[in-house]
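Please keep the structure open beside the text while you read.

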Amino acid sequence: TRSFIEGRDDFSIQFALKENNESVFGVMYFPAKSILVSAQRGQGAYRNGEKLPKLEEKPLREKCTFVGHADIDDEKYRYPERIDSGFALYKVAIGEFDRAVMNMQRYGEWDVCAGKVVIREVKTNLSSSLRFT
């Protein structure tokens, strides 16, 4: 990935299983950070073997939206630093980011499938956590 090539530590290895065009199982591994995240539809999400808690929806916080090659109207929400998209989805799943807005003309389905499963298992409203343009 670009993050790995640039020498950053937020790169990941991800895979997902889809059934009937829906991601039902996903794994995200961040080797430089020793983080392994997995989720299965209806079974919750886990980080390094420990179950991630369910997160309730909260108002958007400043600088807590990952924006991947997309336009958003209000810059005050955009996370200002460069970050790998997979790591950004992980940060949504653990509540450090409020949402991710991604232009899917610049990303492949493989970039988001695992993260979608993880986020779906911890967030009460997937559509407010992920927006694809």
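A salt bridge is counted here when a side-chain nitrogen of Lys or Arg lies within 4 Å of a carboxyl oxygen of Asp or Glu. The model is a predicted one.

Q: Which residue's side chain meets that of Arg120 in a salt bridge?
A: A salt bridge needs a nitrogen of Lys or Arg within 4 Å of a carboxyl oxygen of Asp or Glu, and a pair with Arg120 in this model has its N and O 3.7 Å apart. Arg120 belongs to helix α3 and its partner to strand β2 (residues 22-30), so the pair ties together parts that are 98 residues apart in sequence. The residue that meets Arg120 is Glu22.

Q: Is helix α3 (residues 113-122) largely enclosed by the rest of the structure or largely open?
A: A residue counts as buried when its relative accessible area is under 20%, and Cys113, at 8%, is therefore buried. Others in α3 that are buried include Ala114, Val117 and Ile119, whereas Arg120, at 23%, counts as partly exposed. Because eight of the 10 residues of α3 are buried, the helix is largely enclosed.

Q: Which strand holds Lys18, the salt-bridge partner of Glu109?
A: The closest N and O atoms of Glu109 and Lys18 are 2.0 Å apart, and the two residues are 91 residues apart in the chain. Glu109 is partly exposed at 42% relative accessible area, and Lys18 is partly exposed at 30%. Glu109 sits in the loop between β7 (99-102) and α3, while Lys18 lies in strand β1.

Q: Which residues join Glu6 and Arg82 in one network of salt bridges?
A: Glu6 and Arg82 form a salt bridge with their closest N and O atoms 3.0 Å apart, and this pair links distant parts of the chain, 76 residues apart. Glu6 is partly exposed, with a relative accessible area of 40%, whereas Arg82 is exposed, with 54%. Salt bridges that share partners bring two further residues into the network with Glu6 and Arg82, namely Arg8 and Asp10.

Q: Which element gives the most residues to the lining of the largest pocket?
A: The largest pocket has a volume of about 610 Å³, and among the residues closest to its centre are Arg2, Asp84 and Tyr107. The elements that give two or more residues to its lining are α1 (2-5), β6 (65-68) and α2 (85-93). The one that gives the most, with four residues, is β6.

Technical notes
Residues numbered from 1 in each chain as written. Predicted model: local features only at pLDDT ≥ 70, side-chain atom pairs only at ≥ 80, totals over all residues. Heavy atoms only, no water. Buried < 20%, exposed > 50% of the residue type's maximum accessible area, 1.4 Å probe, protein only. 1 Å grid on protein atoms, 1.4 Å probe; cavity = no way out; pocket = protein on both sides within 12 Å on 5 of 7 lines; lining within 4 Å. Points joined across faces, edges and corners; volume = space filled by probe spheres on them.
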